[in-house]
Amino acid sequence: ADVLPGDDEGDSYQDVDDPTILVEREHKFSLASGLQTVLAGALGVVNLGGALYLGNLLGQYALYGVRLPSYMGLVQQIFPLLLGYAVLFNLIPLARNFWIQKENAKIQQRNETRLKWRNLLEKGAGNVKRKLTAARKFGSKMKRLGTGSRDVIFDTSKDFAEVERVKESNDLDAFDEKLRSSSSSSSSSWE
């Protein structure tokens with residue numbers, strides 16, 4: 001049986017396979033393993049540290065208004081992009097983690113509410129039990145289409161024109177039957 005993600009012990013919720021309750025699954029931060037996530041975080045820290053160190057080195061030359069030649073000049077020019085990348089590499093997952101925690105708290109609340117409602121319905125407390133019983137009775141009294149040959153309104157196995165002819169013929173036969181029954185009752189009343 002699957003247990004909700006983020007619920008290591010499986011105590012607070014029932015199994016996901018339970019068909020009587022709809023359990024909303026929590027968001028996972030990543031599909032990567034724990035070690036991969038730690039390594040990605042370490043890479044982000046090293047990247048940010050390297051960008052800050054490079055900024056310190058390039059800043060010394062920028063104080064004097066010196067533009068470095070060749071490759072270092074290119075690095076000096078694109079340094080703001082490198083620093084922005086390093087900051088966003090760390091900031092986006094951090095913000096996403098806080099957002100996921102907030103959303104998971106909402107999901108847990110909704111799951112607990114569903115569980116409470118299901119327990120209330122299982123107990124059938126007072127008014128709810130009466131309404132469920134009435135709904136069952138009403139459903140069993142409803143006429144179901146397709147139980148008799150005349151209940152079918154349209155069948156795709158037949159041509160529409162043919163269905164209309166049969167329907168018209170049935171209506172004319174019913175009208176003729178009414179005429180016969182009314183003429184026999186009216187003729188007997190004249191005699």
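Colleague: Is E103 buried or exposed?

Modeller: E103 is buried, with a relative accessibility of 15%. Buried means under 20% relative accessible area, exposed means over 50%, and partly exposed is what lies in between, using a 1.4 Å probe and protein chains only. This is a predicted model, where local features need pLDDT of at least 70 and side-chain atom pairs count only at pLDDT 80 or more, while totals for chains, interfaces and linings use all residues. Residues are numbered from 1 along each chain as its sequence is written, and side-chain values use heavy atoms, with hydrogens and water left out.

Colleague: Which residue forms a salt bridge with E103?

Modeller: K106 does, and the closest N and O atoms are 3.5 Å apart. A salt bridge here is a side-chain nitrogen of Lys or Arg within 4 Å of a carboxyl oxygen of Asp or Glu. K106 is partly exposed at 39% relative accessible area.

Colleague: Where do K106 and E103 sit relative to each other?

Modeller: Both are in helix α2, three residues apart, which puts about one helical turn between them. Helices are DSSP runs of H or I with at least four residues, strands are E runs of at least two, and both are numbered from the N terminus. An α-helix has 3.6 residues a turn, so residues three or four places apart point the same way.

Colleague: How many salt bridges turn up in the whole structure?

Modeller: The search finds four. One of them joins the side chains of E24 and R114, at 3.4 Å from N to O. E24 is in the segment before α1 (34-63) and R114 is in α2 (residues 70-123), so this pair ties together parts that lie 90 residues apart in sequence. E24 is partly exposed at 25%, and R114 is partly exposed at 30%.

Colleague: What about R180 and E177?

Modeller: Their side chains also meet in a salt bridge, at 3.1 Å from N to O. R180 and E177 are three residues apart in helix α4 (residues 160-190), about one helical turn. E177 is partly exposed, at 45% relative accessibility. As for networks, salt bridges that share partners join E24, R110 and R114 into one.

Colleague: Changing topic. How many aromatic pairs are there?

Modeller: One in the whole structure. Y85 and F89 make a tilted pair, with 5.8 Å between centres and 45 degrees between planes. Rings of Phe, Tyr and Trp (its six-membered ring) pair if their centres lie within 6.5 Å, and planes under 30 degrees apart are stacked, over 60 edge-to-face, and the rest tilted. Y85 and F89 are four residues apart in α2, about one turn. F89 is partly exposed, at 27% relative accessible area.

Colleague: Which residue lies over the face of F29?

Modeller: R96, at 5.1 Å from the ring centre. A charge sits over a ring if NZ of Lys or CZ of Arg is within 6 Å of the ring centre and within 35 degrees of the ring normal.

Colleague: Back to α2. Where does the helix bend?

Modeller: At I78, by about 55 degrees, and a proline, P80, follows within four residues. The bend is the angle between axes fitted to the seven residues ending at a position and the seven starting there.

Colleague: Which residues of α2 are buried?

Modeller: Among them are F79, A86, I100, N104, I107 and L115. N104 is at 11% relative accessibility. Leaving aside neighbours within four places in sequence, N104 is in contact with E26 and H27; contact means heavy atoms within 4.5 Å.

Colleague: And what is the secondary structure of the protein chain?

Modeller: Four helices and zero strands, in the order α-α-α-α. Of its 191 residues, 15% count as buried.
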